Amino acid sequence: MPRTDHTSELDPLLYPWDPPEASGVIRGDDFLPLELAAGLDEALLAANVAPLEDRSLVVSIGSNASPDVMRRKFATCHQPVSPVLPLVRGQLHDIAVGHSAHVSRAGYIAAAPYLQLGECTTVWVSWLDEGQLMALDETEPNYRRIELDADACPLVLDGGERPEAFSLYSSRWGVLTDGGPDKLPFLDQPALFRHLAGSGAGDYDGGASVFDGPPDAVAEQLGLPSVQAWAKDWFSSAGLAGPAHFDGLFTE
């Protein structure tokens, strides 16, 4: 079955695909590793695009840290979007990453952040201009972009900069749990499929668990809209969808 979203040319079993090897700037098909601070400003000035001060800081969770994914998202937008995007590594405190309690259109179970005091997570941070931010929002119907204060969840970028605030995308459907209070850690797709199949549930349409079997066959099954709708409902009814606990920490 053909896949119809921005990740259609990427293997869903390899989600979330590869982040950069170093902080730098996506510039079309190229990625330019750079020194931080002045290096980023100079690169944006040379490309004749909006400077850092006119951009929105967004923590990239999951595939949004992949230059290949961001290129595809911008290229498929209904209006022209700048292909120049700074992408910098950082450490995010008191937030962990698990899985959203839904299945994407491309047949994988995407990453999602949640509040976890004491956790420190390596993340990638992008600075998006107005058009890029609009384009990214349009690709995230299962998430809402929320702004967090760094006093609540400190963010430290490579180079030591500590932004006062930032945004990230939080799942509208909650995050997967072990059936109790604990969230599932982020897993590669085959490992996640095996875990869900081993839960002893997940039967679809009276058959075996939809998550059981060869990973490529599971991903193909999960690419069906009917299975995606069923999975989201099943995660909720089976008690496997827990809150991300960001309420009270952000403003809409």
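# Questions on a predicted model

Colleague: Leaving aside its neighbours within four places in sequence, which residues is glutamine 132 in contact with?
Modeller: The model is predicted. Glutamine 132 belongs to helix H3, which covers residues 130–138. With the neighbours within four places in sequence left aside, the residues in contact with glutamine 132 are Arg55, Phe74, Val81, Ser82, Val84, Leu85 and Trp127.

Colleague: Is glutamine 132 buried or exposed?
Modeller: A residue counts as buried when its relative accessible area is under 20%. Glutamine 132 has a relative accessible area of 0%, so it is buried.

Colleague: Which backbone oxygen does the side chain of glutamine 132 reach?
Modeller: A pair of N or O atoms has to be within 3.5 Å to count as a polar contact. The side chain of glutamine 132 comes to 2.9 Å from a backbone oxygen, and that oxygen belongs to serine 82.

Colleague: How does the radius of gyration of the protein compare with what the globule rule gives?
Modeller: The protein has six helices and 11 strands. Its radius of gyration is 18 Å, and the globule rule gives 18 Å for 252 residues, so the protein is as compact as a globular protein of that length. The value from the structure is therefore close to the value from the rule, 18 Å.

Colleague: What share of the contacts with a separation of 6 or more is between residues 24 or more positions apart?
Modeller: Along the principal axes, the C-alpha atoms of the protein fill a box of roughly 60 × 40 × 30 Å. Of the 252 residues, 49% are buried. Among contacts with a separation of 6 or more, the share from residues 24 or more positions apart is 73%.

Colleague: How far apart in space are valine 69 and tryptophan 17, C-alpha to C-alpha?
Modeller: Valine 69 sits in helix H2 (residues 67–75). Its relative accessibility is 0%, so valine 69 counts as buried. Valine 69 and tryptophan 17 are 52 residues apart in sequence, and their C-alpha atoms are apart in space by 8.2 Å.

Colleague: What distance separates the C-alpha atoms of proline 51 and glutamate 147?
Modeller: Proline 51 is in the loop between helix H1 (38–46) and strand E3 (56–60). It has a relative accessible area of 32%, so it is partly exposed. Proline 51 and glutamate 147 are 96 residues apart along the chain, and their C-alpha atoms are separated by 21 Å.

Colleague: Which residues of helix H4 are buried?
Modeller: Helix H4 spans residues 189–197 and is mostly covered, with seven of its nine residues buried. The cover over these buried residues includes strand E4 (84–99), strand E9 (175–176), helix H5 (215–222) and helix H6 (225–237). The buried ones are Gln189, Pro190, Ala191, Leu192, Phe193, Leu196 and Ala197.

Colleague: At the start of H4, which backbone nitrogen does a side-chain oxygen of aspartate 188 reach?
Modeller: The cut-off for a polar contact is 3.5 Å. The oxygen of the aspartate 188 side chain reaches to within 2.8 Å of the backbone nitrogen of alanine 191.

Colleague: Which two residues does a cis peptide bond join?
Modeller: Most peptide bonds are trans. Here there is a cis peptide bond with an omega of about 10°. The cis bond joins tyrosine 15 and proline 16.

Colleague: Which residues of the second largest pocket are closest to its centre?
Modeller: The second largest pocket has a volume of about 220 Å³. It is lined by 16 residues, and the closest to its centre are Pro16, Gly62, Ala65, Thr122 and Trp124.

Colleague: Which strand gives the largest share of the lining of the second largest pocket?
Modeller: The lining of the second largest pocket divides into 10 nonpolar residues, five polar and one charged. The largest share of this lining is five residues, and they come from strand E5 (residues 111–128).

Colleague: What is the phi of aspartate 94?
Modeller: Aspartate 94 is in strand E4. It is buried, with a relative accessible area of 17%. Most residues other than glycine have a negative phi. Aspartate 94 is not a glycine, yet its phi is positive, about 70°.

Colleague: Where does histidine 245, which has a positive phi, lie?
Modeller: The phi of histidine 245 is about 65°, although the residue is not a glycine. Histidine 245 has 45% relative accessibility, so it counts as partly exposed. It lies in the loop between strand E10 (241–242) and strand E11 (250–251).

Key:
Residues are numbered from 1 along each chain as its sequence is written. This is a predicted model: local features need pLDDT of at least 70, side-chain atom pairs count only at pLDDT 80 or more; totals for chains, interfaces and linings use all residues. Side-chain values use heavy atoms; hydrogens and water are left out. Helices (H or I, at least four residues) and strands (E, at least two) are DSSP runs, numbered from the N terminus. Buried means under 20% relative accessible area, exposed over 50%, partly exposed in between (1.4 Å probe, protein chains only). A polar contact is a pair of N or O atoms within 3.5 Å; within protein, one must be able to donate a hydrogen and the other to accept it, and residues adjacent in sequence count only if both atoms are side-chain atoms. Contact means heavy atoms within 4.5 Å. On a 1 Å grid over the protein atoms alone, a cavity is a set of points where a 1.4 Å probe fits but cannot get out, and a pocket is an open set with protein on both sides within 12 Å along at least five of seven lines; lining residues have an atom within 4 Å of a point. Grid points are joined across faces, edges and corners, and a volume is the space filled by probe spheres set on the points. Ala, Val, Leu, Ile, Met, Phe, Trp, Tyr, Cys and Pro count as nonpolar, Asp, Glu, Lys and Arg as charged, and the others, Gly among them, as polar. The radius of gyration is taken over C-alpha atoms; the globule rule is 2.2 Å times the number of residues to the power 0.38.
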